[in-house]
2 protein chains.
Amino acid sequence: MNDNMLVPVAGNGLLPLRALNRRQLLAGIGAGALALPSAALAAGGRPSWMQGAGAGMRSYGTPSPAETVSRVAIGSQPGTTGSGASRTPLAALEGTITPSGLHFERHHSGVPAIDPAAHRLHIHGLVEKPLAFSLEALERYPLVTQLRFLECSGNSAANLAAPEAPDLDVATLHGLVSQSEWVGVPLSVLLEEAGLKPGAAWVIAEGADAAAMSRSVPLAKALDDAIVALYQNGERLRPENGYPMRLFLPNYEGNMSVKWLRRLKVTDQPAMTKDETSKYTELMPDGRAAQFTFTMGVKSVITRPSKGYGLGAQGIYPITGLAWSGQGEIRRVEVSADGGRSWADAALEGPGGPGAMVRFRMPWLWQGQPATLVSRATDSTGARQPTREMLVQARGPQSLYHYNGQQRWQVSAAGDVRNSYV
Amino acid sequence: MNDNMLVPVAGNGLLPLRALNRRQLLAGIGAGALALPSAALAAGGRPSWMQGAGAGMRSYGTPSPAETVSRVAIGSQPGTTGSGASRTPLAALEGTITPSGLHFERHHSGVPAIDPAAHRLHIHGLVEKPLAFSLEALERYPLVTQLRFLECSGNSAANLAAPEAPDLDVATLHGLVSQSEWVGVPLSVLLEEAGLKPGAAWVIAEGADAAAMSRSVPLAKALDDAIVALYQNGERLRPENGYPMRLFLPNYEGNMSVKWLRRLKVTDQPAMTKDETSKYTELMPDGRAAQFTFTMGVKSVITRPSKGYGLGAQGIYPITGLAWSGQGEIRRVEVSADGGRSWADAALEGPGGPGAMVRFRMPWLWQGQPATLVSRATDSTGARQPTREMLVQARGPQSLYHYNGQQRWQVSAAGDVRNSYV
């Protein structure tokens with residue numbers, strides 16, 4: 001045992017990363033061992049569930065009945081059930097992949113019940129040959145696999161709008177982000193097949209929901225890494241993620257990855273659809289609106305400890321969370337336990353890659369002291385996640401979208417955790 | 001358009017990889033365009049599902065009712081419902097991640113209904129301090145994230161045992177393999193905490209199912225990359241994958257990753273449990289049995305085209321499949337359309353990494369000719385997937401486990417596909 005593992009590397013108890021792999025330190029600090037002496041085996045006796053054969057195989061599995069993890073903060077416009085959002089329960093999850101059943105939702109008029117055999121994707125406008133694709137036809141095209149985060153542009157907005165830190169948990173604040181392995185046809189291939197006419201500069205994507213949700217996509221993005229996604233985490237898209245097909249634009253704000261995709265109209269200018277004028281624009285301090293703010297910024301959030309996931313007995317606690325960026329790969333996540341006065345580098349995990357989330361971890365020695373836990377991410381462009389103060393100064397109080405400020409969790413001497421601005 | 005994209009790079013129509021990104025070639029070969037002229041939009045009319053608001057948000061999502069993909073070849077010992085296996089529907093899936101609901105199953109006495117609050121993991125035997133861990137306690141330990149395949153040692157055995165190629169599909173033949181992102185506590189940390197005594201050389205892992213499924217694990221593996229897994233694809237383990245905790249031994253045959261893990265006994269020799277003597281040994285040609293054949297070999301399989309997923313109109317078809325190895329990372333997958341006389345390199349995709357599956361893709365021009373499609377993988381140790389013939393010669397006809405021979409799909413002039421040995 002190496003005692004200097006307990007020497008903090010930053011203020012208020014952040015420990016060296018190698019402590020992550022030396023759990024016996026917990027006993028060393030005399031602060032309540034987690035493991036108990038094993039006496040039960042000696043007393044004999046097998047649990048009741050070993051006394052008889054268990055359940056049989058199933059055609060499609062579901063979580064244990066003992067698990068109650070579900071999407072949270074489900075809310076809809078008054079008078080509707082499907083014009084709103086639900087959020088991924090970030091604190092209850094681990095690793096980097098979001099189970100498809102817990103992927104966040106954001107619908108503008110609910111989830112349409114589409115007959116996949118009747119559904120068509122049309123490509124028209126400034127093209128040589130207007131084309132219509134069935135799901136079966138798209139299956140014949142070469143597919144590509146992308147592990148990617150998807151974040152709603154309105155994610156975390158509650159932290160920007162309220163003058164005082166709303167007492168909300170990490171899922172309610174930041175749960176409009178999820179990660180899946182998406183598989184689909186490169187949009188460039190379909191556009192090439194239709195043949196672009198001179199002047200083509202934008203692609204207007206429309207969904208087959210009742211809202212006909214529509215966004216204007218720059219042609220350069222459509223020809224770059226955009227796909228028409230058919231699969232999510234191995235299987236067909238889930239209904240709430242655009243079944244049977246959706247546009248997927250890596251790194252762009254989520255609503256542009258139009259779900260239930262039914263047409264792509266090639267144009268020479270953006271369409272100024274209702275969805276990109278009444279919403280998804282940023283009212284700036286000078287009264288003008290920033291529009292077409294596509295790319296999601298560099299961001300991280302500590303998922304545990306967090307509100308509702310506080311501390312019990314004193315000892316070493318793992319600090320963990322997620323980081324992502326629409327601008328480049330995550331290169332670094334720093335964690336602070338003293339509200340940003342001192343920082344230490346966290347360990348990064350997960351498959352990663354361009355446009356992918358990473359999981360970060362940091363060991364922390366908590367001996368009952370109050371603390372403010374913060375994380376900040378840096379991506380491969382050198383961009384570093386700003387503080388909330390910096391964002392408010394730059395954008396003013398009426399801004400709503402693309403909040404990527406640092407999340408601060410205030411830990412009390414009792415081990416409770418709450419959202420904090422300071 | 002570059003006509004030399006249609007010049008095969010290997011026998012019987014294998015095309016250069018760059019054809020994967022130039023779908024317009026399909027039209028160029030005059031063999032039935034997949035996309036249809038888009039006239040429907042001009043005629044106006046929105047589909048019925050755009051006429052009214054769709055369904056609302058849900059706390060936990062499920063696949064579309066239009067999707068019928070499920071585990072296949074569910075079979076159990078006579079008189080039981082839970083002593084058998086179910087298989088992952090490989091041909092219906094894409095990308096590299098297996099949805100947890102479709103992960104293969106192999107149970108020895110069904111799925112126990114474990115109370116997670118009452119469950120304990122005991123570590124005892126040749127240790128200084130026998131310990132018992134609750135699920136809650138394990139949550140406090142540092143976790144690690146691993147994207148890993150898991151393969152049953154009996155996977156693909158049908159191809160070895162039968163004298164003639166059984167007319168089975170890819171899921172029934174090879175569906176005892178899946179991939180998940182697993183998150184858990186390094187076993188080395190827990191063993192260090194218990195304190196190993198001199199002479200410790202093996203760890204006997206026992207499950208909390210009625211079969212008390214038990215395997216002997218070399219201590220070196222337990223101290224290397226073994227974890228006690230708590231999460232699968234972001235959420236808690238599924239019941240059929242060991243809820244609330246399982247051993248996970250990357251690259252080893254699946255049954256050693258003991259599910260519903262309830263104890264780890266440290267010993268100086270293997271326990272010779274019923275599960276490693278009556279099963280999971282290889283009867284060799286000389287009558288002796290090879291035991292403790294842990295590591296899964298280098299392997300690949302074409303998932304489409306495959307039996308039940310045949311060809312229609314002539315044209316370019318994507319050949320795709322999965323490759324994995326317990327010995328090292330997949331470096332190369334070659335595909336043949338002429339039964340192995342000539343080969344071409346496939347494109348590799350997915351997050352990959354040590355112990356992870358990769359997706360491979362190869363474009364193929366099919367003009368009605370009969371063909372035999374085969375793939376072979378090579379890993380970072382230089383090991384190349386053998387032919388079935390090589391395996392049979394090396395092991396004799398009574399071998400059952402660790403079949404990693406090349407899968408051959410015979411395509412008829414009508415476009416039907418069947419399993420083939422020649």
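Analyst: Begin with the naming: strands here are DSSP runs of E, at least two residues long, numbered from the N terminus. The model is predicted. With that numbering, B:P305 sits in the loop between β17 (299-304) and β18 (315-324) of chain B.

User: What kind of peptide bond joins B:R304 and B:P305?

Analyst: The bond between B:R304 and B:P305 is cis, with omega of about -5°. Chain A has a cis peptide bond between A:R304 and A:P305, with omega of about -5°. A:P305 is placed in the loop between β17 (299-304) and β18 (315-324) of chain A.

User: Which residue has a positive phi although it is not a glycine?

Analyst: One of them is A:N251, where phi is about 80°. A:N251 belongs to the loop between β13 (246-248) and β14 (261-267) of chain A. Another is B:A73, with a phi of about 50°; B:A73 lies within strand β2 (residues 72-76) of chain B.

User: Is A:N251 buried or exposed?

Analyst: A residue counts as buried if 20 or more other C-beta atoms lie within 10 Å of its own. A:N251 is buried because 20 other C-beta atoms lie within 10 Å. B:A73 is buried too, because it has 20 C-beta neighbours inside 10 Å.

User: How many residues of chain B are in contact with chain A?

Analyst: The size of an interface is often given as the accessible area lost when the parts come together. Here the description is by residue contacts: 106 residues of chain B touch 105 residues of chain A. On the chain B side, 53 are nonpolar, 33 polar and 20 charged.

User: Which strands are joined across the two chains?

Analyst: Strand β1 (residues 36-37) of chain A and strand β6 (residues 131-133) of chain B run antiparallel and are joined by two bridges. In β6(B), B:A132 is the bridge partner of A:L36.

User: What are the domains of chain A?

Analyst: Chain A is divided into domain 1 (121-163 + 177-282) and domain 2 (299-420). The C-alpha centres of these domains of chain A lie 30 Å apart. Contact between them involves 17 residues of domain 1 and 16 residues of domain 2.

User: Which element supplies the largest share of the domain 1 side?

Analyst: That is β7(A), with four residues. Both β7 (144-151) and α3 (158-161) of chain A supply at least two residues each to the side of domain 1 that touches domain 2. By residue class, this side of domain 1 has eight nonpolar, seven polar and two charged residues.

Definitions and conventions
Residues are numbered from 1 along each chain as its sequence is written. Chains are lettered from A and ligands numbered from 1 in the order in which they are written. This is a predicted model: local features need pLDDT of at least 70, side-chain atom pairs count only at pLDDT 80 or more; totals for chains, interfaces and linings use all residues. Two residues are in contact if their C-beta atoms, placed from the backbone, lie within 7 Å. Ala, Val, Leu, Ile, Met, Phe, Trp, Tyr, Cys and Pro count as nonpolar, Asp, Glu, Lys and Arg as charged, and the others, Gly among them, as polar. Two strands pair if DSSP finds at least two bridges between them. A residue is buried if 20 or more other C-beta atoms lie within 10 Å of its own, exposed if 12 or fewer, and partly exposed in between; C-beta atoms are placed from the backbone. Domain bounds come from an automatic or database domain assignment.
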